[in-house]
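Me: Got a model open here and want to talk it through. Can you take my questions as they come?

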Amino acid sequence: MRKAIGIDLGGTFIKAALVDQEGAILYKEEAPTLAERGPDDILLRIEQMIRDIAAKHALQISDLSGLGIAIPGFIDDATGVADEVVNIGWRNVAVREPLHARLGIHVAMENDANAAALGEAWAGAGRGRRFALCVTLGTGVGGGVVIDGKVLRGANTMAGEIGHMVMVPGGAPCNCGHHGCLETISSATGVVRLAREGLARAQAAGESSALAAVQDLTAAAVFAAAEAGDVLANAVVDEAIETLAWGLGTAANVVNPEVIVVGGGMSRAGERLFAPLREAFPRYALRRVALAATIVPATLGNDAGVVGAARLAL
Ligand code: BGC
């Protein structure tokens, strides 16, 4: 059976997995990204992880069908370069050539959300569906479109960047240089920003919120406070979800997906996210578009990126 290694480079962790041609993970491991050490150091450590995984499984590097690597930002597939990856501070970093030169195997690269979309469409929540739209809600909002098992990449590998649809012209600054992107509202970071701003307004107006007592304000903490009935937390969560429904509805009108897979850390919020999202979605998607589309949680969780990256190499 053919095997490939999938790498998912994230802001906090580098995940690596040995995946077979059926999409089963045979082995996986992760290491801290340590982005501050710079791209050369990261690429060296990725190479080492691959050599270690092969050795642990008594494989030669040449026994592998290849290596797929998922990058959390904008890539240029024509040149094999990571063009702009704000989360880890990369700009114009050659990825494919150095890894190919050192390992001597086929190297495929992809945006992280596109890779996750491919993973879910191949071996997760989108399995068996021809038209899948996937979104990942984490530090950023990533997106990917998979049609008949192929990622839609576009003219210069930028297709599917749902997180950078401008929802509020002149809104909060986004990492991409624009303002008011979906990512500034419906990502984990966006939820924390909305909560902080809401808290400042509430305090100025002399209103109380359970969020004021939270030491480490995370999206998970805001969702927990919302579940516990906090008014401000519920307003923040509602705004993030309504805006997400708007973005997904608009994207769905273009793609006409059968399935919309929602993944990333924030998708773990469960029904407090999915129930209102499903309810709001038809307000933005055309009636026939909404009829065709089922909104489901990702099933591969944190593994979607490595599985999709390996799929590319296979
Ligand atoms: C980036 C996307 C990426 C997403 C998830 C966004 O900030 O622009 O390219 O897929 O974060 O990491």
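**Cysteines and overall build**

Reply: Starting with a cysteine: Cysteine 176 has a relative accessible area of 24%, so it counts as partly exposed. Keep in mind that this is a predicted model.

Me: How many disulfides turn up in the whole structure?
Reply: Zero, from a search of the whole structure.

Me: And cysteine 176, which cysteine sulfur is nearest to it?
Reply: That of cysteine 181, at 3.7 Å. A disulfide needs the sulfur atoms within 2.5 Å, so cysteine 176 is in none.

Me: What about cysteine 134, buried or exposed?
Reply: Buried, because its relative accessibility is 6% and the cut-off for buried is under 20%.

Me: Switching topic. How many helices and strands does the protein have?
Reply: Ten helices and 13 strands.

Me: What radius of gyration does the protein have?
Reply: 20 Å. A compact globule of 314 residues would have a value near 20 Å, so the two agree.

Me: What box do the C-alpha atoms fill?
Reply: Roughly 65 × 45 × 35 Å, along the principal axes.

Me: What share of the residues is buried?
Reply: 54% of the 314 residues.

Me: Contacts next. Among those between residues at least 6 apart in sequence, what share joins residues at least 24 apart?
Reply: 61% of them.

Me: Last one, charges. How many positive and negative, and how far apart are their mean positions?
Reply: There are 26 positive and 34 negative charges. Their mean positions are 5 Å apart.

Technical notes
Residues are numbered from 1 along each chain as its sequence is written. This is a predicted model: local features need pLDDT of at least 70, side-chain atom pairs count only at pLDDT 80 or more; totals for chains, interfaces and linings use all residues. Side-chain values use heavy atoms; hydrogens and water are left out. Helices (H or I, at least four residues) and strands (E, at least two) are DSSP runs, numbered from the N terminus. The radius of gyration is taken over C-alpha atoms; the globule rule is 2.2 Å times the number of residues to the power 0.38. Buried means under 20% relative accessible area, exposed over 50%, partly exposed in between (1.4 Å probe, protein chains only). Contact means heavy atoms within 4.5 Å. Lys and Arg count as positive and Asp and Glu as negative; His and the chain ends are not counted. The place of a charge is taken as NZ of Lys, CZ of Arg, CG of Asp or CD of Glu.
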